[in-house]
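Welcome! Let us look together at how charged side chains pair up in a protein chain.

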Amino acid sequence: MIAWVCFLIPIPGSGLLIGWPLNLAAFILAIVGMAKHGALGGLFQLLASLIVSPLVYLFGWIFLLGGLSAMSALENNGNADSPQEIDRAADASPREVAVNTLATAYREDAAAADWLYKDTALRVSGRIASIGRDANDEPLLKLTDRGVGPVRARNLSDEAVAGLSRGQSIQLDCTGAGEEAGEPILEACSLSD
């Protein structure tokens with residue numbers, strides 16, 4: 001009976017390392033009982049050891065694999081796996097966020113802000129604090145809003161930046177890219193329609 005419990009515990013190895021040695025001991029005791037008390041003295045224990053124990057062991061494996069499968073499904077919950085979910089994610093409009101909201105979120109808790117904004121399509125609104133170039137000589141905007149910021153917007157085209165001026169209010173469609181040196185980063189930016 002204890003061997004069967006070890007077979008059913010959803011811990012890998014408990015059936016093999018504990019259950020089967022206990023089942024072997026029950027098998028030997030059944031043979032000893034049959035030798036001392038006759039064929040019926042240990043026949044039922046012997047049959048249980050030979051027939052029921054493997055079935056319980058199999059059921060324990062099914063139980064363990066079913067539990068692992070359920071845990072895997074819970075971990076993947078919310079991920080876009082089916083083609084319909086992928087299509088819905090692609091068709092989703094950008095999440096609208098103000099520069100001050102984005103900058104404050106990263107200042108207060110960068111990990112939580114990454115969870116909300118990183119690798120997410122964003123429509124960011126704010127004022128241009130400066131227009132410059134990054135280390136790769138690509139256009140770089142620094143945005144602020146009500147004195148909060150800056151937020152760096154990268155990967156804009158030269159044509160898009162040419163018509164912009166400092167202090168101008170704009171909306172950009174970008175992808176959140178985390179933060180560098182405490183400043184939120186936006187990539188793959190374009191002027192919003």
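## Salt bridges between strands

The count comes to eight salt bridges, where a salt bridge is a side-chain nitrogen of Lys or Arg within 4 Å of a carboxyl oxygen of Asp or Glu. This is a predicted model, in which local features need pLDDT of at least 70, side-chain atom pairs count only at pLDDT 80 or more, and totals for chains, interfaces and linings use all residues. Residues are numbered from 1 along each chain as its sequence is written, and side-chain values use heavy atoms, with hydrogens and water left out.

Let us start with one pair. Arg152 and Glu180 form a salt bridge, with N and O 3.6 Å apart. Arg152 lies in strand S4 (residues 148-154) and Glu180 in strand S5 (residues 169-180), so this pair ties together parts that are 28 residues apart in sequence. Strands (E, at least two residues) are DSSP runs, numbered from the N terminus.

Glu180 also bonds with Arg154, their closest N and O atoms being 3.5 Å apart. Here, too, distant parts of the chain are linked: Glu180 in strand S5 and Arg154 in strand S4 are 26 residues apart.

Arg154 in turn forms a salt bridge with Glu187, at 2.6 Å between the closest N and O atoms. Glu187 belongs to strand S6 (residues 183-191), 33 residues from Arg154. Through shared partners, salt bridges join Arg152, Arg154, Glu180, Glu183 and Glu187 into one network.

How accessible are some of these residues? Buried means under 20% relative accessible area, exposed over 50%, and partly exposed in between (1.4 Å probe, protein chains only).

| Residue | Relative accessible area | Class |
|---|---|---|
| Arg152 | 15% | buried |
| Arg154 | 16% | buried |
| Glu180 | 35% | partly exposed |
| Glu187 | 30% | partly exposed |

Technical notes: Helix = DSSP H or I, 4+ residues; strand = E, 2+ residues; numbered from the N terminus.
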